[in-house]
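Student: Please walk me through this structure. I want to learn how to read its features.

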Amino acid sequence: MQSKAGYLIGKLVELLLTLLVVSLLVFTAFSIIPGDAARVMLGPEASQAQVDLLRAELGLDKPLIVRYGSWLIGLLTFNPGTSYAYHMSVGELIAQRLPVTIGMSAIAMIMVIVISYPMAVLSARKPGRFGDQVCSVIGHILFAIPPYVASLLLILLAGSLFSLLTVGNYVSPSDDFIGYVGCLILPSFAIALPKIAMSFKFLRSSIIEQRTSDYVRTSKSHGLSDFKILIRHVLPNSNVSSITIISIILSDILGGSLIVEQVFNLPGLGRLLLSAISRRDFPLLSGIVFYLAFITVILYFLSDIAASLADPRIRLK
Amino acid sequence: MTTHIHIVKVHHLTLSFPTRKDPNPKPILNDVDFGIRDGEILGLIGNSGCGKTMTSLAIAGLLPESASITSGSIKFAGKDLLAMDPKSRRAMLGKDIGMIFQEPSTALDPLMTCGKQLEEVLTAHKDSTKTPEERRKAIIEMLETVGFTNAEEILDRYPHQLSGGQRQRVLIAGAALLKPRLLICDEPTSSLDTVTTVSILALLKDLCHKLHMTILFISHDLSAVRGFCDRVMVMKDGKIIDKDTTSDILSHPKNAYTAELLTNARLDTRLLGLEPATVDYTRSPVLTAKNITAGYGDSLFARGKNRKTDNTILHDVSLEVFPNEILGLIGSSGSGKTTLIRSLLGLLPHSGKVNIRSSSVGAIFQDPVSCLNPAHTIKWHMEEALRASGKTDNSVPRKERKAKSLAKIISVLEECGLGEQHLLRHPKELSGGQRQRVAIAMCLIQEPSLIIADEPFSSLDASSSAELLKLMTDINRERSTAFLLITHNIHIVRQICPRVIVMDSGRICEEGNTTDVLTNPKSECTSSLLDAEREIHGI
C-alpha cells in the first residue's frame with residue numbers, strides 16, 4: 001500500500017521536473033528566435049560597435065548555459081531580468097499586472113461553477129424533458145460564441161442599455177475592492193460563457209451516467225430518498241471526473257483572458273504580453289510565458305491532489 | 001391442501017414498456033400470478049430476458065421510469081403496493097424489503113467507506129437506533145453475523161479494498177441490517193466463483209432462519225437452487241410456466257421447458273452431443289510458456305525505494321497446450337488465472353518465455369457486452385478481425401477482394417450459428433449468447449491454432465452456455481483448434497477437457513489428466529474446489 005506522504009512527494013518531484021523542462025523550453029525558444037534584441041532596441045541606424053556594446057551590457061554575449069543559469073536563478077527570486085522596453089524589473093511589471101488577470105480568472109471560474117452546477121443537476125433530473133432540452137440548446141449557443149464576440153456584445157449591452165457596470169475603467173483592488181470586482185465582472189462573464197456551456201455539458205452527462213450506476217440502485221434498495229442519493233453519492237462521484245475538466249477549464253480561462261483584456265482595455269498580463277511581443281522584449285516575454293506556464297502546472301498539480309482527496313482509489317492503491 | 005400465509009401476493013401482473021411509436025408493445029411480464037409464503041425461500045429461474053429481474057423490481061418499486069404496469073396488483077403483508085405513493089414505497093426498502101444484486105463489484109459507492117454506506121441504511125429510516133455509537137454497534141454486529149471476523153476494520157475499508165465475496169457480504173449485511181421480512185436476491189452469486197458461491201448461499205440460508213426472513217431467490221442457474229430453495233418457479237417469456245417444490249422440479253420435471261432447462265444446466269455430454277477431438281501428446285505443443293512471473297508494477301517513484309509489498313501475482317508458471325487439445329484451467333477467484341492469460345496474450349509485462357507456434361491466437365473474454373464496440377455493426381467487427389489477421393490477398397482487385405471477404409465472413413458466421421441477417425446488426429441488438437458467438441467468429445476468421453477463452457460462460461444462462469459449449473467442441477473437432485479454457489465451472493472441465501491445470505495463489509498446484517486430478521486430488525486447493533462443486537451441484 002502506498003502512503004499518503006509518498007504520493008505527495010512523488011507528485012512534488014513530478015511538479016519540479018515539469019517546471020524545469022518548461023523553463024528550458026521557454027529559454028531555448030526565445031534564444032533561437034531570429035532577431036537580435038540589441039539591434040532591435042537601437043534601430044537599423046546604429047553601428048555594429050554600438051550594438052556589441054549593448055549586447056555586452058545586456059549579457060547577451062555570454063554563453064547560453066551561463067545565461068540560462070542566471071535566468072533560472074532570477075526566476076526563483078522573482079527577478080528574471082530587466083525589461084528592454086519598460087526599463088523596469090520584469091518581476092515588478094508582472095506583479096503589477098497579475099491582479100487583473102488572476103482576479104478575472106477567479107471571478108470567471110466562480111461564475112462557471114455557480115451557474116453550470118445547478119443547471120446540470122436540474123437538467124439531469126429528467127433527461128430529454130423540456131427543461132433539459134432548453135438548457136442544452138442554450139448550452140450549444142453559448143459554446144459557439146467566442147469570448148471576444150461575447151465581450152463586444154456585453155460592452156454594447158452594458159454600455160448602452162444599463163450603464164450599470166463600468167466598462168473600460170480599471171480600479172486597482174487596493175484602492176477600492178468593490179470597484180475592482182465591479183470592473184472585472186463583465187470581462188469575466190465574457191470569458192466564462194463558453195466555459196459554462198462546456199462544464200454544463202460535461203457535468204450533465206456525468207450525473208446522468210452516475211444515476212444509472214449500480215451503487216445508486218443499492219442506495220435505493222437501502223431506502224434512501226432521491227435527494228439524499230444525489231447529494232451523497234451521485235454528485236461526489238461525478239465530481240471525481242469533473243475535477244480534471246475543471247482544471248482544464250481553469251487553464252483555458254487564463255489563456256482566454258488575454259484576448260478579453262484587449263477588448264475591455266484592462267491592464268492585465270495579456271496586454272503586457274502583446275506589447276512585449278511587438279517590441280521584442282525577450283526578458284519580459286520569457287518571464288510572462290514562464291510564469292503563466294508555472295501557474296498552469298501548479299493548477300494541474302492541485303487538481304491531481306484534489307482528485308486523490310476525492311477518490312480513495314487513487315489515494316489508497 | 002393447507003393454506004399458507006403469503007407475505008407477497010402478486011396478482012395477474014402485466015407490465016410493458018410503451019413508447020410513443022408503439023403504445024401497446026408485447027408485455028415483458030404477462031399475467032404473472034404467484035405468492036411468496038412467509039418464511040420460505042422461493043426460487044425464480046429462467047433464461048436471461050425472461051422477466052425475472054422485472055418481477056423483483058416491480059415488487060421493490062424500482063422499475064425504470066419507462067415501464068408501465070397495465071394490470072394486476074402486488075400486495076405486501078396485506079398492503080396494496082401499487083396504490084402507495086412513491087415516497088412511502090421507497091421508505092419500505094431496507095426496512096421491510098431488502099435487496100441484493102448480481103454484481104458486487106459495482107454495487108458499492110467507490111468513494112465511501114463500507115461503514116458509512118451501511119450507516120446510511122440506518123439513518124434513512126429515522127425510527128431506528130439513535131446515537132452514532134448504537135448505530136456503529138448494530139453495524140458491527142451485523143457484519144459479524146455475515147461472517148466477518150474483523151468487522152471493525154471492514155467499517156473503514158473502501159470497496160476497492162475488498163474482494164468480490166467480501167463485498168457481497170457487506171451488501172448482504174446492508175440488506176439485512178434492519179431485519180426486513182423479505183429479502184430479494186437477484187442472481188447474488190452469478191459473478192462469484194464456486195467456493196464463494198457456496199459460502200454466500202450458506203450464509204443466506206443461515207440468515208433466513210436467524211432473522212426469520214423470507215427470500216425470493218432469482219437465478220438463471222438451476223443447480224444453484226438445489227439444496228437452497230424450498231420452492232421453485234420457472235419463468236419463460238414473461239410468464240410463470242411451472243412452479244413446484246424444489247425436489248419435484250429438479251427430479252421429476254412435469255413441464256417440457258423445465259426439463260430442457262435442467263438438461264442444459266447439467267451440460268451432459270451425451271445429451272448435448274459434445275465430442276472433443278482426440279489429442280496426440282507426442283506432437284509439439286502449440287503454446288509453450290516457461291517460468292512466467294508477472295505482477296502489477298509500481299509507480300515511477302515507488303520503484304526506486306525498497307519494496308515493502310510484493311506485487312507479484314504469478315510465480316514461475318509453466319504450461320504447454322498441445323494441438324487439438326482443450327486444456328482446462330481452474331482455480332478460485334484471485335488465483336491468477338486471468339493474469340496468466342493476459343501474460344500469454346502479451347497484454348501484460350512479464351518475465352519468462354512464451355512461445356506460440358502459430359500465426360495468430362484468438363481470445364474470448366468473460367463479458368460479451370463490453371467486448372464489442374457498440375457503435376459498429378457485426379460486419380464491421382468481422383472485417384476488422386479479417387484485416388487484422390493479414391490474410392487478405394492484396395493481389396486481386398478491390399471489388400473481388402471485398403466479395404471474397406464477405407463470403408468468408410458469412411461462412412464463418414454460419415459456422416458459429418449466426419447468419420447473414422446478423423451482418424448489419426449492432427451489438428446491442430444481439431443477446432449475450434449471440435455476442436459471445438460473434439466474439440468466437442471474430443477469432444475463427446483469423447484461423448488461429450489456439451483460442452484462449454477466459455470464463456466465456458460465466459455471464460450466460462444455461463441454454464446459451466450449452467449451445468456455446470457445443471460450438472466450441474465442434475470447432476475443436478472440425479478445425480483442430482486447441483482451446484485454453486479458463487472457467488470456474490468444474491463440471492464443464494470434467495466433460496470436455498482431457499487435461500486440466502489447477503491454480504492457486506499464482507502457482508500451478510496440480511496438473512494432469514482430468515479424471516485423475518478430479519477423482520484423486522493431491523492438493524488442498526483442488527479438494528476445496530471439488531467440495532464446493534459437490535455442495536452446489538449435489539453430485
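This is a predicted model: local features need pLDDT of at least 70, side-chain atom pairs count only at pLDDT 80 or more; totals for chains, interfaces and linings use all residues.

Student: Which residues of α4(B) are buried?

Tutor: An α-helix has 3.6 residues a turn, so residues three or four places apart point the same way. In α4(B), the buried residues are B:Ile139, B:Met142 and B:Leu143. They cover an arc of only 100 degrees around the axis, which puts them on the same side of α4(B). The arc is that of the directions from the helix axis to the C-beta atoms. Buried means 20 or more other C-beta atoms within 10 Å of a residue's own, exposed means 12 or fewer, and partly exposed lies in between, with C-beta atoms placed from the backbone. On the other side of α4(B), B:Glu133, B:Glu134, B:Lys137 and B:Glu141 are exposed.

Student: What do the buried residues of α4(B) pack against?

Tutor: They pack against α3 (114-124), α5 (151-155) and α6 (164-176) of chain B. Helices here are DSSP runs (H or I, at least four residues), as are strands (E, at least two), numbered from the N terminus. Contact means C-beta atoms, placed from the backbone, within 7 Å.

Student: How do I read a helix pair?

Tutor: Two packed helices are described by the angle between their axes and the distance between the axes. The axes of α10(A) and α12(A) come within 10 Å and cross at roughly 175 degrees. That makes α10(A) roughly antiparallel to α12(A) (an angle over 145 degrees). Axes are lines fitted to C-alpha atoms, for helices over the stretch in contact, and angles run from 0 to 180 degrees between N-to-C directions.

Student: How many residues of chain A are in contact with chain B?

Tutor: 26 residues of chain A touch 30 residues of chain B. α9(A) gives the most to the chain A side, with 7 residues.

Student: Which loop holds A:Phe78?

Tutor: Most residues other than glycine have a negative phi. A:Phe78 has a positive phi, near 55 degrees. A:Phe78 lies in the loop between α4 (64-76) and α5 (90-125) of chain A. B:His212 also has a positive phi, about 50 degrees. B:His212 is exposed, with 11 other C-beta atoms within 10 Å.

Conventions
Residues are numbered from 1 along each chain as its sequence is written. Chains are lettered from A and ligands numbered from 1 in the order in which they are written. Two residues are in contact if their C-beta atoms, placed from the backbone, lie within 7 Å. Angles under 35 degrees count as roughly parallel, over 145 as roughly antiparallel, 65 to 115 as roughly perpendicular and the rest as oblique.
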